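Please keep the sequence and the three-dimensional view at hand while reading.

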Amino acid sequence: MRKIKCELCGQRDLLKEGSRFVCQTCGAAYSADQLRRQFDLADQAEIYAEAKQAYRAKRFKQARQLYLALAEEGDQQAAFYASLSSSQLDPAADFAPLLNQLRAALAASREKGGEGYFAFASRALGEVIVFALAVEEECEEDFQKQAQRLELSSRQILEKAHQKMQKEAGRAWLLMSQAAHLCVGESDDLAAVSPYFWELVDAIIDDLSINQKRGTIALGNVKEERAYFEALKAEKKAKKLVNGQLFKVADCKIKLNTVPIQ
């Protein structure tokens, strides 16, 4: 059984004296409720560690269950990771719930204040990027397998398969882009943004540029996306714009542009 430690001196020698628990080293006294909260926080830390380990081992069902247990206590960040685990289990499902949960987690982090907002935003965006890039890769691999099986006489079928790949890969890229816009859109002050966060944004835009040249994705505007985020870096203020239009997070409807990328 875990032994509670004194928050003042760090020793674990607490004895019950009447209705309170007293540290035998420094004399600090605690109520039963105070110790119970300390137990709860320690339990949460252990569950977080177990959930993270399960996620890294790709045991996404177990990770989702653990994160959901934490989310029941109102932890919005845990709820986001639970939603991300669900997306890992079913990448073909709608990404709107994941984006909505990211928005809720960002809002909760913003309310807490401090520099922790962009620490979480960077972690969350990094996880979304890893997931979306894997989806993109799987889409292209599936297309390549189909292309090898199709004969020249099946050119029309091959074209349809290629369009499907572009749509699904584009959907994954939009997830990354919208997640990045959410991160900056939920903050009015970007002064605390770390270089790492901007590196993640650059990776998203570079991915669009590369896939544009390879014909993997057929949507978006590289120049406008890059200019938008470069302006944010310079001005240190958040703007809720995507390709020149207001980005309404409440909708979170992923709309594909079938026009080739400019």
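The model shown is predicted. In helix α7, the buried residues pack against α5 (116-149), α6 (155-185) and α8 (222-235). The protein chain as a whole comprises 8 helices and 5 strands, and 40% of its 262 residues are buried.

**Overall architecture**

- Read from the N terminus, the order of elements in the protein chain is β-β-β-α-α-α-α-α-α-α-α-β-β.
- Among contacts between residues at least 6 apart in sequence, 62% join residues at least 24 apart.

- The buried positions in α7 are Phe 197, Trp 198, Leu 200, Val 201, Ile 204, Ile 205, Asp 207, Leu 208, Ser 209 and Asn 211.
- The axes of α7 and α8 come within 10 Å and cross at roughly 170°. An angle over 145 degrees counts as roughly antiparallel, and α7 and α8 are therefore roughly antiparallel to each other.
- On the α7 side of this pair, the residues that meet α8 are Trp 198, Val 201, Asp 202, Ile 205, Asp 206, Leu 208, Ser 209 and Gln 212.
- On the α8 side, the residues that meet α7 are Val 222, Glu 225, Arg 226, Phe 229, Glu 230, Leu 232 and Lys 233.

**Nonpolar cores**

- The largest nonpolar core has 60 residues, of which Phe 80, Leu 125, Phe 197, Trp 198 and Phe 229 touch the most other members.
- Two or more residues of this core come from each of α1 (32-56), α2 (60-71), α3 (76-89), α4 (96-112), α5, α6, α7 and α8.
- Leu 125 is in contact with Met 176, Ala 179, Ala 180, Cys 183, Phe 197, Leu 200, Val 201 and Ile 204, leaving aside its neighbours within four places in sequence.
- A second, separate core has 5 residues, among them Cys 6, Leu 14, Ala 28 and Tyr 30.
- As a general matter, nonpolar side chains tend to be buried together in soluble globular proteins.

**The three-stranded sheet**

- An open sheet is formed by 3 strands in the order β1-β2-β3, with antiparallel pairing. Its edge strands, β1 (14-17) and β3 (29-30), each pair on one side only.
- Strand β2 (residues 20-23) pairs with β1 in the antiparallel sense over 4 bridges.
- Across this pairing, Leu 14 stands opposite Cys 23, Leu 15 has Val 22 as its bridge partner, and Glu 17 has Arg 20.
- The hairpin of β1 and β2 has 2 residues between the strands, and Gly 18 in this hairpin takes a positive phi near 70°.
- β2 and β3 run antiparallel and are joined by 2 bridges; in β3, Ala 29 is the bridge partner of Val 22.
- The hairpin of β2 and β3 has 5 residues between the strands, and Gly 27 in its turn has a positive phi of about 85°.

**Two partly exposed glutamines**

- Gln 34 is found in helix α1. With a relative accessible area of 32%, Gln 34 is partly exposed.
- Gln 34 is in contact with Arg 20 and Ala 29, leaving aside its neighbours within four places in sequence.
- Gln 34 and Arg 20 are 14 residues apart along the chain, and their C-alpha atoms are separated by 9.8 Å.
- Gln 163 lies in helix α6 and counts as partly exposed, at 43% relative accessibility.
- Gln 163 and Phe 143 are 20 residues apart in sequence and 9.7 Å apart in space, C-alpha to C-alpha.

Note on methods:
Residues numbered from 1 in each chain as written. Predicted model: local features only at pLDDT ≥ 70, side-chain atom pairs only at ≥ 80, totals over all residues. Heavy atoms only, no water. Buried < 20%, exposed > 50% of the residue type's maximum accessible area, 1.4 Å probe, protein only. Contact = heavy atoms within 4.5 Å. Core = buried A, V, L, I, M, F, W, Y, C linked by side-chain atoms within 4.5 Å. Pairing = 2+ DSSP bridges. Axes fitted to C-alpha atoms, helices over the stretch in contact; angles between N-to-C directions. Parallel < 35°, antiparallel > 145°, perpendicular 65-115°, else oblique.
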